[in-house]
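Thanks for coming, everyone. I'll take you through one model this morning, and I'll give the cut-offs as we go.

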Amino acid sequence: MIASMMLAAINWHSVLFLVFAGLACAFAVAVVVADNIVRMAFYLVLSLGSTAGLFFLAGAEFIGSMQLMIYVGGTLVLLVFGVMLTAQAPFISIKTSTNDRVLAGVVGAALLVVLLQAAFSVEAWRRPGVGEVANPSATPLGMALLGVRVDDPPAGTSPSLVRSGYLLPFEIVSVHLLVVLVGAAYLARAKRRRIPRGIETADVAASGGPR
Amino acid sequence: MNPLNPMHAPTVLASLFAVNLLSDPVSVTHYLVVGAILFTAGIVCMTVKRNALGVLMGIELVLNGANVNFVAFSSQYLQGEQTASIGLDGQAIALFVILLAAAEAAVALAITLNFYNNHSTVDIDQADDLKG
Amino acid sequence: MADFLINTVGLPEWLAWVITAGVAAALILNVIAGGALVFIWAERKIAARIQDRLGPTRTGGRFGWLQSLADGIKLLGKEDLMPEGADGMLFQLAPYVSFCASFCAFIALPFAFDFVGQRLNVGVFFVVAVLGLEVFGVILAGYASASKWSLFGAMREAAQVVSYEVPLGMCVVVPVMLAGSMDLVTIAEKQAGWVTNWYLFHDPFTFVIFWVYVTCAVASVNRAPFDLAEAESELVAGFHTEYSGMRWSFFFMAEYGSMFLVSALAALLFMGGWNGPIPVAELLGLSAGTGDTANYFVRLIGCFNLMGKATLGVLVMMWVRWTLPRLRIDQVMTTCLKYCTPIAAAMFAGAMFWQLALPGGVMRGMSRPAGEIREGWLEGPGGRAAARGTAVPAAAVPPKKLMQVQP
């Protein structure tokens with residue numbers, strides 16, 4: 001009876017939050033603890049995937065989907081790709097010295113304490129959330145990226161305040177991505193001169209001519 | 001109330017246990033704690049790992065911890081209308097962080113592969129060619 | 001259903017929600033597993049017929065219809081092998097990662113107006129994003145097997161899937177733009193009515209981009225002619241060379257689940273979703289408001305419609321697989337980067353300008369009264385206004401109007 005009373009009081013939103021938060025934190029710590037680089041990549045995938053779940057729970061569905069699509073589905077696949085290109089026996093697990101580990105642990109613990117203190121320091125942040133929003137929609141976000149703000153201003157700000165859209169940052173990021181694409185392709189291009197002549201010709205002949 | 005002050009420790013502990021994690025609605029602080037843990041894990045990962053790609057993973061974790069905070073501060077679910085939420089701006093910034101992280105990962109990976117091509121290793125401790 | 005359990009049966013609220021969630025999950029799981037059974041049998045029969053054979057004939061009496069069940073039992077009884085140098089944990093987890101990704105994407109996939117696990121306002125992106133995660137299972141399997149064939153397969157898969165997500169995303173964006181919503185339910189509802197209302201026939205650009213979508217979808221689920229990850233003539237069996245028994249069958253279930261998923265997505269985005277070519281329910285006078293039973297009946301018809309379209313898509317994929325030869329890896333990349341991406345980009349721009357000039361579409365303009373089109377233009381949320389560019393002053397767009405989700 002008591003158990004069923006307790007179950008009835010459970011807020012499933014909070015339970016889901018705990019599940020995702022626990023997974024995200026546990027796998028983030030696992031990334032640090034693990035030595036094998038491929039396992040680290042796997043844990044990182046799970047950690048970032050769980051974070052996407054947290055975004056969904058916070059009502060940021062578009063951000064959550066983008067996290068899954070760009071971060072987990074794109075960036076991390078790229079990272080795993082890099083891991084596999086360089087994962088030769090001596091580099092799969094490079095050990096760190098114990099001194100470094102202890103030092104990093106102390107610094108990390110200090111940082112964590114500071115951050116936690118900041119997290120608990122503001123009364124308004126500890127107030128329980130409302131948990132319901134009428135008609136969640138990605139439209140205001142899309143409009144904001146186009147430079148038009150259609151969302152309601154946050155409470156407490158003056159209604160006459162002109163809020164900026166994000167058209168210019170959006171364009172800058174687009175150009176930035178293009179530059180990065182070109183730059184990355186240039187940096188990682190195959191260096192023909194490093195391959196001995198004989199092997200290259202044999203390779204070309206075997207694959208049926210130059211491509 | 002300062003959580004670091006030893007005089008306040010009992011109050012802080014009591015307030016921690018007074019919060020029933022299973023039945024109370026999630027607040028911004030919950031998200032901030034997750035963000036803090038992710039951020040710290042990322043920093044430690046960046047400092048400890050000697051594999052260049054491991055350092056890159058640490059950077060991803062740090063950016064992600066920051067993103068969790070941005071989303072938490074912008075979320076209407078967590079704050080409602082009444083408190084000082086940063087509204088949509090947080091989500092937009094989180095979006096830009098994700099995009100820039102993708103760009104950063106692409107460049108860092110290219111640099112790592114270039115380093116691997118030239119030095120046949122990914123151990124960043126051996127990247128000391130410029131040391132006088 | 002949760003309301004029914006609480007109010008009629010009288011269960012406590014938490015139990016009702018748990019049961020509802022369990023039933024929904026079990027239903028989705030059954031769609032995947034049962035679908036895989038049927039599709040594997042169908043694939044064997046279709047392959048056999050295309051190659052002028054008979055295929056399975058004996059198991060279960062006529063047509064060998066129990067063949068996949070017998071296969072399943074055989075797989076269950078097989079010894080579970082693991083190669084010696086393998087990374088144990090990753091090797092064992094990889095098939096479940098693949099399967100989970102395939103399963104999770106079904107959560108946001110609507111089968112009819114109300115038959116959806118969780119209605120998301122960014123449903124399209126969620127499905128595409130989660131589908132992209134399936135590649136992780138394949139990469140991990142390839143790496144953990146400690147076999148060069150598996151690793152080659154995994155590397156090919158990673159390169160291919162990352163590349164094909166770009167044109168796939170561009171194709172998916174076009175129906176989103178036309179509907180003005182990323183909600184799969186809204187997108188499908190906007191195509192209600194006769195077959196001419198389908199986005200496939202909305203304008204010439206959407207017609208072309210549908211075929212680009214089909215190409216990219218086949219590539220992103222690793223079916224022939226894009227099945228380089230498991231090219232059995234070069235790589236033994238590619239990424240699942242070292243797998244046997246149950247784990248191997250999980251890879252297969254994930255593959256058939258994804259095939260069904262991309263076909264269902266094609267149906268939802270381009271072929272009217274659960275709206276049949278002929279609006280039977282409306283002709284019979286069964287609108288959503290007629291009553292509970294009629295309502296349910298309409299949904300059931302819709303569900304059958306969607307399943308039928310998705311199954312058709314899967315059958316076409318099988319037909320393609322047993323007809324076309326496998327591409328080389330450079331040909332795969334050429335198809336993606338030199339053909340699919342530019343075509344998709346051009347069609348995207350074309351569809352955008354078409355939407356600007358003729359918002360109702362060609363066929364729609366004929367089959368719908370003009371007033372309805374104008375009304376649709378006015379009440380369309382972000383998509384229409386976004387298509388008009390940034391010239392829209394904020395004051396001209398009432399914020400509340402934009403926030404509301406189309407019924």
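**Walking through the model**

Let's start with one residue. Ala110(B) lies in helix H5 (residues 88-119) of chain B. Helices here are DSSP runs of H or I with at least four residues, strands are E runs of at least two, and both are numbered from the N terminus.

Before going on, the ground rules. This is a predicted model: local features need pLDDT of at least 70, side-chain atom pairs count only at pLDDT 80 or more, and totals for chains, interfaces and linings use all residues. Residues are numbered from 1 along each chain as its sequence is written, chains are lettered from A and ligands numbered from 1 in the order in which they are written, and side-chain values use heavy atoms, with hydrogens and water left out.

Back to Ala110(B). Is it buried or exposed? Ala110(B) has a relative accessible area of 3%, so it is buried. Buried means under 20% relative accessible area, exposed means over 50%, and partly exposed is in between, with a 1.4 Å probe and protein chains only. Leaving out residues up to four places away in sequence, Ala110(B) touches Ala184(A), Leu187(A) and Ala188(A). Contact means heavy atoms within 4.5 Å.

Now the cores. A nonpolar core is a set of buried Ala, Val, Leu, Ile, Met, Phe, Trp, Tyr and Cys residues joined through side-chain atoms within 4.5 Å. The largest one has 176 residues, and Phe62(A), Ile63(A), Leu68(A), Tyr31(B), Phe136(C) and Tyr213(C) touch the most other members. Helix H10 (residues 245-270) of chain C gives the most to this core, with 15 residues. A second, separate core has five residues, including Val180(A), Ala103(B), Ala106(B) and Ala110(B).

What does Leu68(A) contact beyond its neighbours within four places in sequence? From chain A, Gly49(A), Ala52(A), Phe56(A) and Gly73(A). From chain C, Phe126(C), Ala129(C), Val130(C) and Leu133(C).

Next, helix packing. Helix H2 (residues 12-33) of chain A packs with helix H2 (residues 28-48) of chain B at about 10°, axes 8 Å apart. That makes H2(A) roughly parallel to H2(B). Axes are lines fitted to C-alpha atoms, for helices over the stretch in contact, and angles run from 0 to 180 degrees between N-to-C directions. Under 35 degrees counts as roughly parallel, over 145 as roughly antiparallel, 65 to 115 as roughly perpendicular, and the rest as oblique. On the H2(A) side, the contact residues include Phe17(A), Ala21(A) and Cys25(A); on the H2(B) side, they include His30(B), Tyr31(B) and Ile37(B).

Staying with chain A: nine helices, zero strands. Of its 211 residues, 39% count as buried. Among chain A contacts between residues at least 6 apart in sequence, 40% join residues at least 24 apart. Within helix H6 (residues 98-121) of chain A, the buried residues are Ala104(A), Gly108(A) and Ala119(A). These buried residues of H6(A) pack against H2 of chain B.

Last stop, chain C. Ser98(C) is found in helix H4 (residues 88-107). Ser98(C) is buried, at 1% relative accessible area. Not counting residues up to four places away, Ser98(C) touches Glu134(C), Gly137(C), Val138(C), Phe251(C) and Ala254(C).

Then Asp52(C), in the loop between helix H2 (13-50) and helix H3 (67-77) of chain C. Asp52(C) has a positive phi of about 65°, although it is not a glycine. At 73% relative accessibility, Asp52(C) counts as exposed.
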